[in-house]
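Here are my notes on the model you sent. Please read them with the structure open beside you.

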Amino acid sequence: MTAPAASDHLMEAIVGLCKRRGFIFPSSEIYGGYNGFYDYGPLGVELRNNIKKAWWRDFVQCRDDIEGLDSSILMHPSIWKASGHVDGFSDPMVDCKESKLRYRADQLFFAPVIVDGATIGYVSVLESPEQQSQAEAAAQTLKRKAAAVGELAPIELKDYTEAQPEEYALVPSPATGKPGSLTPPREFKLMFETKVGPVADDSATAYLRPETAQGIFANYKNVVDTGRVKIPFGIAQIGKAFRNEITPRNFIFRSREFEQMEIEYFIAPDADWKTLHREWLDACIAWLVSIGLPRTAITEDIHPQDKLAFYSQATTDLMFEFPHGEQELWGIACRGDYDLKQHQTHSGKSMEIFDEASKRKYVPHVIEPSLGVDRTLLAVLTAAYTEDEVSNDKGKLEKRLVMKFSPKIAPYKAAVFPLLKNKPELVERAQKLYRRLQRRWNVFYDASGAIGRRYRRQDEIGTPYGITIDFETIEKDGTVTLRDRDTCEQRRVTESELFEFLEQQIDGPLD
Ligand code: GAP
């Protein structure tokens, strides 16, 4: 009997669990935290590494057409000039002069409140799944306070980038609820700057990379010249990216330091990019499902042609039903030859490849699937979080919190328990099995407390299997009890059956 947790409490519950059980901590917490930065604790780092390992295995090692790369975080500043980031990588922001708070203008929504055709004021709300109902409630309050009589027109929200100059002074600040303190929208640069070398003048300015993709373009020639790649082929990279987000929020969904898993997939200029784009979308969806995300929680957001960058042929975002609403998880873009041509122009180095099959030379086009590790982790936490009821030792139903991680990415794959900790023969046998399992997978050993409590602790951190060594193990046939986290069903298996079963569940079937 599984009841999904109420979505408005889900984020709070996930954040609480992450802190309590050592998945994710606010960065610099002993100094009051540092907005937009997070630290991954013992369980978080395992989960995160498993996500990255699964991605690398499935997209790099198990494909013959993709090569891996690990480029430096700080790169020549010309790269960011060529890519357009120096001049164009910014978000529109708006400041509240009174509260000193800063908002992203495209996440601040406002509307005039019109009663019987007359505007009596404005309301504003921050982007959220409840923004419409919040704005309507605020409009009702404004109408009541103004003692306005008549019919309230429907509230039509627009984001602040669409505000007319005469409206800036009329829109109330979300911080104070009063108009007059919001500035017009201004572009805010998202790249973090630093200085490289002993002289701190302008020529020493460098940027912390805001995406890993440019490291791939900058090394494209190296990979072509040193590897045995032929079109179509991809270069993949996992690495940190940094953006000075105006409003980091929703936990690790939008942070200032995060990690990306990106692929640049190079294709012939006349390739059927629409079909290839579709194939990439399908491959990405299949991968998300393979790590445990429900297919029903993933949708596609096709960017309208008039909102695409001039060089872009198509972009579709895979959206996921996060606790704070449906939001972008994975962007899959057809970027044409823009990036390579930019680097060709700025560096003076040819980015052409000789295509053996067609005996032609050209600058390839690219399809770019770009995914955030941290966003994937939040999606995994969201999908796994389950509250249900199970029977306790005495057969009574009790509430349980269980993280239903796929065995492929769960931090611990199994936990080993001697039934009693004061029976040396049980402990010795359990330790032996634990050490054997540990050579293959990350497993946990727990000897303390009632067995039911030990199961519950593992359920909460998402360990898919519990293995108990009892008297039957040592006195009879050597079998152990294998408990399934999700069904709580238990069965007896031999040690060789156990290894075979775990291998199938964790690493997947060979065929
Ligand atoms: N190279 C293309 C690129 O970087 P993007 O849409 O800006 O495109 C790609 O980012 C992915 O990186 C997003 O779909 C998201 O998963 C992740 N991402 C972007 N900004 C992020 C942030 N501030 N915090 C966490 N993840 C972020």
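1. Start with Ile 332. Leaving out residues up to four places away in sequence, Ile 332 touches His 277, Trp 280, Leu 281, Cys 284, Ala 314, Thr 315, Thr 316, Asp 317, Leu 318, Ile 367, Glu 368 and Pro 369. Contact here means heavy atoms within 4.5 Å. Ile 332 sits in strand E17, residues 325-336. Ile 332 counts as buried because its relative accessibility is 0%. Buried means under 20% relative accessible area, exposed means over 50%, and partly exposed lies in between, with a 1.4 Å probe and protein chains only. Thr 275 is 57 residues from Ile 332 along the chain, and their C-alpha atoms are 13 Å apart.

2. A word on the basis. This is a predicted model, in which local features need pLDDT of at least 70, side-chain atom pairs count only at pLDDT 80 or more, and totals for chains, interfaces and linings use all residues. Residues are numbered from 1 along each chain as its sequence is written, and side-chain values use heavy atoms, with hydrogens and water left out.

3. The whole chain. The chain has 13 helices and 27 strands. These are DSSP runs numbered from the N terminus: helices are H or I with at least four residues, strands are E with at least two. The C-alpha trace spans about 85 × 75 × 50 Å along its principal axes. Of the 511 residues, 50% count as buried. The chain exposes about 25000 Å², and carbon and sulfur atoms supply 50% of that area. Areas come from the Shrake-Rupley method with a 1.4 Å probe; for residues, only the protein chains shown count as cover. Among contacts with a separation of 6 or more, 64% are between residues 24 or more positions apart.

4. Phe 251, in a loop. Phe 251 lies between strand E13 (233-242) and strand E14 (257-267). Apart from neighbours within four places in sequence, Phe 251 is in contact with Met 11, Ile 14, Val 15, Cys 18, Ile 24, Tyr 38 and Leu 378. Pro 26 is 225 residues away in sequence, yet its C-alpha is 9.1 Å from that of Phe 251.

5. Cysteines. How many disulfides does the model have? The count comes to 0. A disulfide is a pair of cysteine sulfur atoms within 2.5 Å. Cys 284 is in no disulfide; its nearest cysteine sulfur belongs to Cys 334, 11 Å away. Cys 284 counts as buried because its relative accessibility is 0%. Cys 18 also counts as buried, at 0% relative accessibility.

6. Helix H10 against helix H13. The axes of H10 (residues 424-438) and H13 (residues 495-507) come within 12 Å and cross at roughly 35°. Axes are lines fitted to C-alpha atoms, for helices over the stretch in contact; angles run from 0 to 180 degrees between N-to-C directions. H10 contributes Arg 429, Leu 433, Arg 436 and Leu 437 to the contact, and H13 contributes Glu 495, Leu 498, Phe 499 and Leu 502. These residues divide into 5 nonpolar, no polar and 3 charged. Ala, Val, Leu, Ile, Met, Phe, Trp, Tyr, Cys and Pro count as nonpolar, Asp, Glu, Lys and Arg as charged, and the others, Gly among them, as polar.

7. Helix H11. H11 (residues 451-460) is largely enclosed by the rest of the structure, because 8 of its 10 residues are buried. The buried residues include Arg 454, Arg 456, Asp 459 and Glu 460. Just after H11, Gly 462 takes a positive phi of about 80°.

8. Backbone points to check. Most residues other than glycine have a negative phi, and most peptide bonds are trans. Ala 147 has a positive phi, near 50°. Ala 147 lies in the loop between helix H5 (131-145) and strand E9 (158-159), and counts as exposed at 60% relative accessibility. Cys 488 has a positive phi too, near 65°. Cys 488 is in the loop between strand E26 (480-484) and strand E27 (490-493), and is partly exposed at 22%. A cis peptide bond joins Ile 231 and Pro 232, with omega about -5°. Pro 232 falls in the loop between helix H6 (213-226) and E13.
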